[in-house]
Amino acid sequence: MAREQISPAVAERRCPNCGTRVARDAESCFMCGHDLRIRPRRRQRVSWVDTLLVLAVLAVLAFWWQIASQPQAEQGSGEQGLAILPTNIPLMTDTPTPTASAEAPPTATPVPTAAGVTTTTTVRHRVRPGETLLSIATFYGVTVEEIQAANGLTSELIRADDELIIPVTRTEGTASSNTVASRFEYTVQAGDTIISIANQFGSTVQDILAANNLAANDVIRPGDVLIVPVPQLPPEVLASSPATPTASADGGSPNGGNTLTPAIVDTIYIEPRLLGPPDGAVLPRNESVLLRWISVDLLAPNEWYVLLIYPSGGAAQTIPSIWTKATSYRLGIELAPPAGQEASYAWQVSVVRVKPGNGEQLALEAASPPSEVRNFTWR
């Protein structure tokens, strides 16, 4: 019987699992039982050249991404600058001529006082209950920041009986004839302070102290009669007080009749309720500001709404008190801040009654509590 020729390659077939030599047609290894019908997969090797190519491509992509993103940001900012620049140029170079608002009432614009020599002095103020840094700064004609700097304060928190140093700026010189103050009598009521009296009638602490020869620390008591100067009053306010009631020797009228002068009504109204603008409103400087409130009642001829507008920051101006029978008042754009600046104001309204005083002197009386204080910014 002829022997089958077996090639060396076939004879050398081995089990891929244990390395044992196996037959050519064997389906499993007799040593380890490995299934010889499953051909092992060859591992796919990753060439280092391929790895370098991938890294190079990623580096190029990252480099171009950085270059492409930087010019886009610069181009965007350049376009934005080109878009803004034409509108900024007239605002910064143009100086508009103030013109009166067509809707402003004829009683509006305050007249500035004549210039003089300005000096700064300090006064001491003891904080009363209910006072704030803003109210104190407003009535001394200074800013909150100046009071904080003079007293080393880092916040606006103050307490009753605290003693503050107030840096008061005084202007020495002759004032304009339009700023001469009318002088009224006022009888101090319980709870009054110099600041609250100035707040009620549109005067200032400095003017009241000077008119009554008082120092900043002097105490006022209920029943004291003070002189309260109020600047720039309309003539109709001074003429609105009823005549002083007098009687003839026979107990009748001065003309001998039986009719006496009607009694003066001393109604105390509720505080005026403010309508607008809302507290904290920011208003455009190219528009007038309409301040509105609700009527408390039909006012008597000698009763007036007194609108007080306090400068509280920025380019705000000092505005005298406004005495009016209306329930609104419009601030014209001639009082608006210059271009690029802003002005912050606080405002409130109260009702005041003008009455006969001693002799020919007129007297003032609070006919309502003051309203809440609201703030707005002209920008």
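Student: Which residues do ring pairs link into a cluster?

Tutor: Tyr 345, Phe 376 and Trp 378 are linked that way. Keep in mind that this is a predicted model.

Student: How many aromatic pairs does the structure hold?

Tutor: There are 5 aromatic pairs in the structure. One of them is Tyr 345 with Phe 376: the ring centres are 5.6 Å apart and the planes meet at 25 degrees, so this pair is stacked.

Student: Which strands do Tyr 345 and Phe 376 lie in?

Tutor: Tyr 345 belongs to strand β11 (residues 343–356) and Phe 376 to strand β13 (residues 374–378), so their pairing ties together parts that are 31 residues apart in sequence.

Student: And how are the rings of Phe 376 and Trp 378 arranged?

Tutor: Those two are edge-to-face, because their planes stand at 80 degrees, with 6.4 Å between the ring centres.

Student: Is Trp 378 buried or exposed?

Tutor: Trp 378 is buried, with a relative accessible area of 0%. Tyr 345 is buried too, at 0% relative accessibility, and Phe 376 counts as buried at 1%.

Student: Switching topic: what sits over the ring of Trp 304?

Tutor: That would be the charged end of Lys 325, at 4.5 Å from the ring centre.

Student: Now sheets. What is the strand order in the open sheet of 3 strands?

Tutor: The order is β5-β7-β10, and the pairing is antiparallel. At the edges are β5 (274–276) and β10 (328–331), each of which pairs on one side only. On average, neighbouring strands here are turned by 25 degrees against each other, ignoring direction.

Student: What holds strands of a sheet together in general?

Tutor: Strands of a sheet pair through backbone hydrogen bonds, in a parallel or an antiparallel way.

Student: How many bridges join β7 to β10?

Tutor: There are 4 bridges between β7 (residues 289–293) and β10. In one of the bridges, Arg 292 has Ser 328 of β10 as its partner.

Student: Last topic, confidence. Where is it lowest and highest in the protein chain?

Tutor: The lowest is helix α1 (residues 8–11), with a mean pLDDT of 50, and the highest is β7, at 94. Over residues 71–119 the pLDDT is below 50, and that stretch has 46 contacts in the model beyond near neighbours in sequence.

Definitions and conventions. Residues are numbered from 1 along each chain as its sequence is written. This is a predicted model: local features need pLDDT of at least 70, side-chain atom pairs count only at pLDDT 80 or more; totals for chains, interfaces and linings use all residues. Side-chain values use heavy atoms; hydrogens and water are left out. Two strands pair if DSSP finds at least two bridges between them. Helices (H or I, at least four residues) and strands (E, at least two) are DSSP runs, numbered from the N terminus. Axes are lines fitted to C-alpha atoms, for helices over the stretch in contact, and angles run from 0 to 180 degrees between N-to-C directions. pLDDT is the predictor's confidence in each residue, from 0 to 100. Contact means heavy atoms within 4.5 Å. Rings of Phe, Tyr and Trp (its six-membered ring) pair if their centres lie within 6.5 Å; planes under 30 degrees apart count as stacked, over 60 as edge-to-face and the rest as tilted. Buried means under 20% relative accessible area, exposed over 50%, partly exposed in between (1.4 Å probe, protein chains only). A charge sits over a ring if NZ of Lys or CZ of Arg is within 6 Å of the ring centre and within 35 degrees of the ring normal.
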